Amino acid sequence: MTAATPSTPFPPVAESADAVLLGLDPEQREVATTLRGPVCVLAGAGTGKTRAITHRIAYGVRAGILPPAAVLAVTFTNRAAGEMRGRLRGLGAGGVQARTFHSAALRQLQYFWPRAIGGDLPRLVERKVQLVAEAAARCRIRLDRNELRDLTGEIEWSKVTQTVPDDYAAASAKAGREAPRSAAEITQVYGMYEQLKRDRNVIDFEDVLLLTVGILEDRYDIAQQIRAQYQHFVVDEYQDVSPLQQRLLDLWLGERDSLCVVGDAGQTIYSFTGATPDHLLNFRTRYPQATVVKLVRDYRSTPQVVHLANGLLSQARGRAAEHRLDLVSQREPGPDPVYAEYADEPAEAEGVARRIRELITAGVPAGEIAVLYRINAQSEVYEQALADAGVSYQLRGAERFFERAEVRRAVANLKGAARFGANDPRLDDVVELGSQVRAVLSGHGWTPEAPAGSGAVRDQWESLAALVRLAEDFARARPAATLGDLIVELEERAATQHAPTVQGVTLASLHAAKGLEWDAVFLVGLTDGMLPITYAKTDEQIEEERRLLYVGVTRARHHLGLSWALARSPGGWASRRPSRFLNGLRPGSPGAPGRGGGPAALAAGIERGTTRRRARRGPVRCRVCGRTLTDAGEMKLMRCEDCPSDMDEGLYERLREWRAEQARKLSQPAWSVFTDKTLMAIAEAVPGSDGELAVIPGVGVRKLDRFGPDVLAICAGQDPGGGSGDDA
């Protein structure tokens, strides 16, 4: 057994080709030293696949076998490409190109467009959704926000599967697509979208691949020029390749077979975008002489986490399941996964937030904890629960790190210091790089200690602290590095969106978590209807949902929590059931190994969330018309939105002013004190006691203790007193 070793952001440069091979296990070494002919690496989660392929490239370069400029490594995200470039630099192979498919194709398209087509390359539209919305409007088709997003996804799927508008209906039916509108309407909008692009001389990201493919197929001379430059190819995450990307890869290769692919059919989770594991599974058929290496030693997760992951895939069906990899943990034993059942979603969020608070108190950094869910709409209740618990968090998939205002200002100030540092009094007698960065940023919001709360001030501090940590890591790896060297590193990271780590609990969808890992992971909302999602109908779609849960489980290094809620809202009907994927795995479920299904088995491994479990209530009814309420906002108001309101407008405004002041003092967003709906409910009920205030939805025990005296004073027409939040 060996301990997991987190990757160093800036590893020391290997001294020689043989030094590159040090520390590799036998299978990784086989990958690194097999430099000729087609190679297929079947790599399970946490087995060091990136380590294996970067060491393969670096060994070939350092041994003089692979010219660095002749190697093209492609992957699927800017973050993964940035990490690969960083590792290659650390191994002494900095001249190798590591890019995404789109980035590599766009670079070639920009270079060859004037020669192949003439004129300037059409402008690239980064967000196509606005253009799709206009196309729908021109077709007199009204779309809500969700339909617009899903229809945009259908257009993207059509293009990566090389389906033109007129063929959409047949292709969609054959693939079993669950489309947001009728095939005829989607065909109409898709066609109009393409027409608008032509009229405005713009292209989208899928066009980048399509146009590059078109040029390479039509212009043999250009294809040969690219093949002369790139002679060796490495493709990461090969199970996620689309037909269009495979077509481009084939054109890059020509008749050659100097190709190394890496993938895991058990982690195929993007088929809705057109990705297919068939290219990975058929690799040996296409290249009978290929070398196939399996990586199954898991250096990431404990045996307990690996056991659950293997158990999940052991129940899988289909062709991908036939090629599943049984992982073998290389770490010391850790805690068992914890299963928790809750009465409703708010109770689940509060329970998860409480356990996160306990882990942080026990020494687990907030940045090493993640809450993962099936769809982004599930995040709101966890944002609220973490804010209530005083835990900072970050939403993965939100604003890009290097586009944040505070980061742009910080980088600009660092550039200024690098250029005019000799005249900057803050840098007098400051030699060490990390100290220089801290000195510059100390005037722009960074302090040695984090500010209290979890609002905008804390978010900005976390961004600056991430830059400080990056500078410290950079200085440790490059002792002679200057502030100017750091600026070059930051500019390259900004260009590829390779952001440093921000300290805060990560909230992310399971899809967005692919390729990441944390010490502690909480998988939430694990009910039938959510995972598998309700619109997963076919066997293939169900199996992809299982693989999605597998990806979530394998993100955890040490602590793993799995939870579900029996109802959506407090007092709701407890009709939900735990995900079918947990059957036979969670204690007490049908077929669970070594345990029966009785109460004793439940007690052995499932927490029932009883510590602060909410009392079961009957249905919440409108206090005006008596209708049963299901919408969370209406339940807070305790009336239908359309029913007459007797709210005291003056009281509501005084409450809003008080809330703004509390949010400012706590450095938290206003909604984390009380939401607008909760304030409206208070202004309508005008509570006169703790008991009357406590029954209003959105006022829990913590907020009653923290803010109750102030709220009751305001409702009584008095000025709020102390104890409301300054010392909370």
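1. Ground rules. In this predicted model, local features need pLDDT of at least 70 and side-chain atom pairs count only at pLDDT 80 or more, while totals for chains, interfaces and linings use all residues. Residues are numbered from 1 along each chain as its sequence is written, and side-chain values use heavy atoms, with hydrogens and water left out.

2. The sheet. Start with an open sheet of 6 strands, in the order β3-β2-β6-β7-β1-β8, with parallel pairing. Strands here are DSSP runs of E with at least two residues, and helices are runs of H or I with at least four, numbered from the N terminus. Two strands pair if DSSP finds at least two bridges between them. The edge strands are β3 and β8 (291-295), and each pairs on one side only.

3. Strand β1 (residues 39-43) runs parallel to β8, with 5 bridges. Cys40 has Val292 in β8 as its bridge partner.

4. Strand β2. Look at residues 71-75: 5 of the 5 are buried, so β2 is largely enclosed by the rest of the structure. Buried means under 20% relative accessible area, exposed over 50%, partly exposed in between (1.4 Å probe, protein chains only). Val71, Ala73 and Thr75 cover one side, Leu72 and Val74 the other.

5. Neighbours of β2. Parallel to β2 runs β6 (residues 232-235), joined by 4 bridges. Strand β3 (residues 97-100) is also parallel to β2, again with 4 bridges. Leu72 stands opposite Phe233 in β6 and opposite Gln97 in β3.

6. The crossover. β2, helix α4 (residues 78-90) and β3 form a right-handed β-α-β unit. Right-handed means that, with the strands pointing away from the viewer, the path from the first strand over the helix to the second runs clockwise.

7. The cores. A nonpolar core is a set of buried Ala, Val, Leu, Ile, Met, Phe, Trp, Tyr and Cys residues joined through side-chain atoms within 4.5 Å. The largest has 38 residues; Leu372, Leu523, Leu549, Val553, Leu560 and Leu562 touch the most other members. Apart from it lies another core of 37 residues, among them Leu72 and Val235.

8. A helix pair. α15 and α23 pack at about 170°, with axes 10 Å apart. Axes are lines fitted to C-alpha atoms, for helices over the stretch in contact (heavy atoms within 4.5 Å). Angles run from 0 to 180 degrees between N-to-C directions. So α15 is roughly antiparallel to α23, a label for angles over 145 degrees. Leu308 and Leu312 of α15 are among the contact residues, as are Leu549 and Val553 of α23.

Conventions:
Angles under 35 degrees count as roughly parallel, over 145 as roughly antiparallel, 65 to 115 as roughly perpendicular and the rest as oblique.
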